[in-house]
Amino acid sequence: MEIVSIDSMQVYRGMDIGTAKPSRSERESVPHHLVDVADPWEDWSVARFQAEARAAVAAIQARGHRALLLGGTGLYVQAVVDDLRFPGEDLELRAELTARVEREPGGLADAYAELERVDPAAAARTEPGNTRRIVRALEVIQSTGQPFSSFGPGLGEYGPTVFPVQMAGVWMPRAILRERIDQRFDAMWERGLVEEVRDLDDDSRGWSRTARQAIGYKEILAHLRGEQPDLDAARDSAVRRTWALARRQRVWFRRDPRITWFGAPVNSRAAVLPALLAWWCP
RNA sequence: GGCCGGGUAGCUCAGUCGGCAGAGCACACGCCUGAAAAGCGUGGGGUCACCGGAUCGACGCCGGUCCCGGCCA
C-alpha cells in the first residue's frame, strides 16, 4: 500500500508543523505522495494537483500496489477520482475582469447579469455575491468560447469514478472534535509553529497567494507584520478557522452518497479501526 | 463623595427628529469545476441594566436606583 495525500497545504515544503504533515518515521514506513512537491512561493491549483495525483496513483498501480487516498480537501478528492475536467485559465483576462468587477460601482451585479445572459445554467449554481466564481465563469466563457456549464454538470453530480474506489469517512462527536482541534493547536505551538512561520518568512521569495492562506500561517504572519499584535488572539482566530473548515468538510463529504461512514462517540481514532479495516479488507 | 462618559444579540459596537431592533464577528444550515485550509448565501438569536413618569406611541425624553470606566477631591 502507498498513501496519496489529498491535502492542499501539505504539498508545500517547509510547512510541516501547521499542516500536520506525516512524520519522518511515518513517511519512512509507508511511501507518501503529493507531500512536499512545491515551495511556499509557488501558486498551487486543483488542476496541478489532479495531474500529479493521478500520475501518482497510476505509478502505484503499475507497481502492483494499492493506493490509499487520504485527506480532507473535498474538491481535490473529486478532482482525482471523478471525471472532472478543468478548463484552462487566462490569468490576464481574470485580472481584467476582477478589476472591472471591483472598481466599477455595480460591477459585480453587471457581471452576474452577463453570466445569466450567456450561461444561465452556470449562473444558477453561482451566488450573485460570489465575485471569485462569477469572474472565473466569465473568464472560461470568454477565453474558450464555450459555456462554463458545458465543462461538467457540477460537483453535486456523482458519475462513475475514473478508477475503482472505495470511499470511507471518519466522524467524531462535535464536542470531541472541538476539543481535539484546540489541543492540536496547543501542540503545534509547543512544537514551534511560530518559529516555523518566521523562518519561512525570512526567505525573500515569500509566500504565494495559495500558501499564505494556510490556517495558522496566515494568522501568525499577520502577527509578525504587526497587523495582529496579540499572538493569543491570532491563535484563537486560527482555531476558529479550523472549526469552520471542519464544518465545511462535513458539509462537503456528507452529501457524497458513495461514502461509507465510520465513527464512535469517543475520543479515539483507534476506536474506528476494526470496523474500517474489516470493511476495507474483507 | 463630586463631575464626565458608558450599559443595546454569545462578543465588539451602530442606532439621525420619539414611529415595526441593526451591523460585523461567533453559531446553525447550505452552495461552490484552475485560490478550495479559498470564496459565497440563508437562518436562529434581544426584559435596549433596573424602577417609575409624561406621551397615541420610548432604546431614545423626565425623575430615581444599580453597575463599569475616566478625571477631580
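Threonine 210 lies in the loop between α9 and α10. The model described here is a predicted one, and in it the relative accessible area of threonine 210 is 15%, which is under 20%, so that this residue counts as buried. Leaving aside residues up to four places away in sequence, threonine 210 touches Met9, Tyr12, Glu42, Asp43 and Trp44. With tryptophan 44, the separation along the sequence is 166 residues, whereas the C-alpha to C-alpha distance in space is 6.2 Å. With tyrosine 12, the side chain of threonine 210 makes a polar contact, side chain to side chain, at 2.6 Å.

The surroundings of tyrosine 12 can be described in the same way. Not counting residues up to four places away in sequence, tyrosine 12 touches Lys21, Asp36, Ala38, Asp39, Pro40, Glu42, Asp43 and Trp44, and also Ser208, Thr210 and Ala211.

In soluble globular proteins, nonpolar side chains tend to be buried together. In this model, the largest nonpolar core comprises 37 residues, and those with the most contacts inside it are Tyr12, Met15, Trp44, Phe49, Trp207 and Tyr217. At least two residues of this core are supplied by each of α2 (46-62), α3 (74-81), α9 (193-201) and α10 (217-224), and the largest share, six residues, comes from α2. Apart from this core lies another, made up of 15 residues, among which are Val101, Val135, Ala137 and Ile141.

Taken together, two partners of threonine 210, Tyr12 and Trp44, are also among the residues with the most contacts inside the largest nonpolar core.

Definitions and conventions:
Residues are numbered from 1 along each chain as its sequence is written. Chains are lettered from A and ligands numbered from 1 in the order in which they are written. This is a predicted model: local features need pLDDT of at least 70, side-chain atom pairs count only at pLDDT 80 or more; totals for chains, interfaces and linings use all residues. Side-chain values use heavy atoms; hydrogens and water are left out. A nonpolar core is a set of buried Ala, Val, Leu, Ile, Met, Phe, Trp, Tyr and Cys residues joined through side-chain atoms within 4.5 Å. Buried means under 20% relative accessible area, exposed over 50%, partly exposed in between (1.4 Å probe, protein chains only). Helices (H or I, at least four residues) and strands (E, at least two) are DSSP runs, numbered from the N terminus. Contact means heavy atoms within 4.5 Å. A polar contact is a pair of N or O atoms within 3.5 Å; within protein, one must be able to donate a hydrogen and the other to accept it, and residues adjacent in sequence count only if both atoms are side-chain atoms.
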